Amino acid sequence: MALYGGVGASALPSELIVHIFSFLSARDKLRASAVCSRWRECLFYPALWPELKLRLGRGTGGAGSSSDETPKLEFLMRKFGSFVRELQLEFAPVEGYPVRWRDSLNNYLEQVLCVLRSLKNNRNLQKLSLYGDTCILQEEGILDGTHLTQVDQGGKKIKEIKQLFEETLASSRQLKWLSSAFILDMVTPNSLSTMSNLSANSLEHLSLLDNQAPPLIPSIELGRLLNLHSLALDFCDFTSEMCQVLSNSDHMPLHRLSLVLHGTVLHNKPLDITPGEVDWQALVRHSANLRVYIMALDVHSQDLLSVLKPSLPLERIHFDSYSTCASEAALDLISRQYCKTLSHFILVRDLMERDDTGFPDLSDNRNEDPLVLLAWRCTHLSLLIIHGYTVWAHNLIAISRLRGSNLKVLAVSEESIDFDQDQLLFQDEDPVHNLIEEVSLGLGRPWNPMMDTNIVLSEPTQHFFREMQRFSEGI
């Protein structure tokens, strides 16, 4: 490019170069910075990087592994950490190294330290979202705090991580979104008390999730967050007292509440302190537009039934299990109690748990199938995903006809679909072809059974984290 008098692009004012760069994607900005040193200097203007989204540990077999990405993370945080307004960071699983969990965990600690060291003095930070997918770094079991002590002798790194996180909260002045999900040993019950009053007043979303830790959100600190619009936490940590705090007239009405109920921790975290029917009634009176999203991980039906109170405004529920099964009673209660609010229903059971008798059949060979009743009663149902449970073909056709085009997502894995042998005697054409044709006709659009089960068999806590973000951002 040549300008008047033969002067090149280097003669452009820095402000104009920065303005041109603002129209480029992050990848194209980095490519443009390789043109010359002048352009490289312009690349790191704060105005060009209001937000930063990173995902670490994406590679397998050594390509793009977590250790390879540490220098890149250090570079980016050194350049942007002190002024970036929105930071979203996911620590994805480091696959292919089941015997090298110590190396992976050590990289994880170094990367968390790298991020927090750069953020601790950032007063412009408005959104901080951290997700640590460490629970499948080791195939033999879940990594927890006991594994950290084997990597961090004396706990020096862990102590520094906790301190840096608290310093970040203390220095913040306009924080609106704070999310820490399953970041091992970073958040403590005292962390929120260090948040500045300015950020406590401006905070609109809070999610602190770690099912292996004690409750991370004390009720007294929740009382400071008067403008909170959305909240996400472990169901066992959502107490009756917290419900009462959120129902106070000085609090802004809550719009979104995301709760994860993990069956493996119920022996340490009893459900008897969770909100009762009266608590939910008070909260709904104060927050008329409140909607709730629940993920139940390996939860026995009797435990789930004990917390699903009639006044809980349930909009989305996700059953995900490895060793337990959802019951017909649970589905029946959900379809009756939440017929006016339920829009998303996901029912997943890991394929590895399938036995010689096949997938569990919730209909119990009765005419009234609980999934059909769910589709009939829940008039706002727009998403239905099923894998690992038997779905009879004639019931699937009935569901499509009941909800029609309003059912925006109907995903049923191919191996979950079964056919009534008696009905097949009266069909001349291929039963699968007939099913596809009938369901497509019912929905008013082309439909096929779900072939790629990775959609529903992804790591459940990661699914909850991402769905919770979409749920909360959709206010």
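Helices (H or I, at least four residues) and strands (E, at least two) are DSSP runs here, numbered from the N terminus. The model is predicted: local features need pLDDT of at least 70, side-chain atom pairs count only at pLDDT 80 or more, and totals for chains, interfaces and linings use all residues. Residues are numbered from 1 along each chain as its sequence is written, and side-chain values use heavy atoms, with hydrogens and water left out.

**Stop 1: helix 17.** Select residues 431-443. This is helix 17, with 13 residues. From first C-alpha to last it reaches 18 Å, close to the 18 Å expected at 1.5 Å a residue (1.5 Å times one less than the number of residues).

Now colour its buried residues (under 20% relative accessible area; exposed is over 50%, partly exposed in between; 1.4 Å probe, protein chains only). They are Asn434, Leu435, Glu438, Val439, Ser440, Gly442 and Leu443. Then show what covers them: helix 15 (393-403), strand 13 (409-412) and strand 14 (417-418) are included.

Step just past the helix 17 end. Glycine 444 has a positive phi of about 75°.

**Stop 2: phenylalanine 182.** Go to the loop between strand 4 (177-181) and helix 8 (197-202), where phenylalanine 182 is found. Its phi is positive, about 60°, although it is not a glycine. Phenylalanine 182 counts as buried because its relative accessibility is 10%.

**Stop 3: aspartate 298.** Select the loop between strand 8 (291-297) and helix 12 (301-307), the place of aspartate 298. Aspartate 298 has 14% relative accessibility, so it counts as buried.

Terms used:
Contact = heavy atoms within 4.5 Å.
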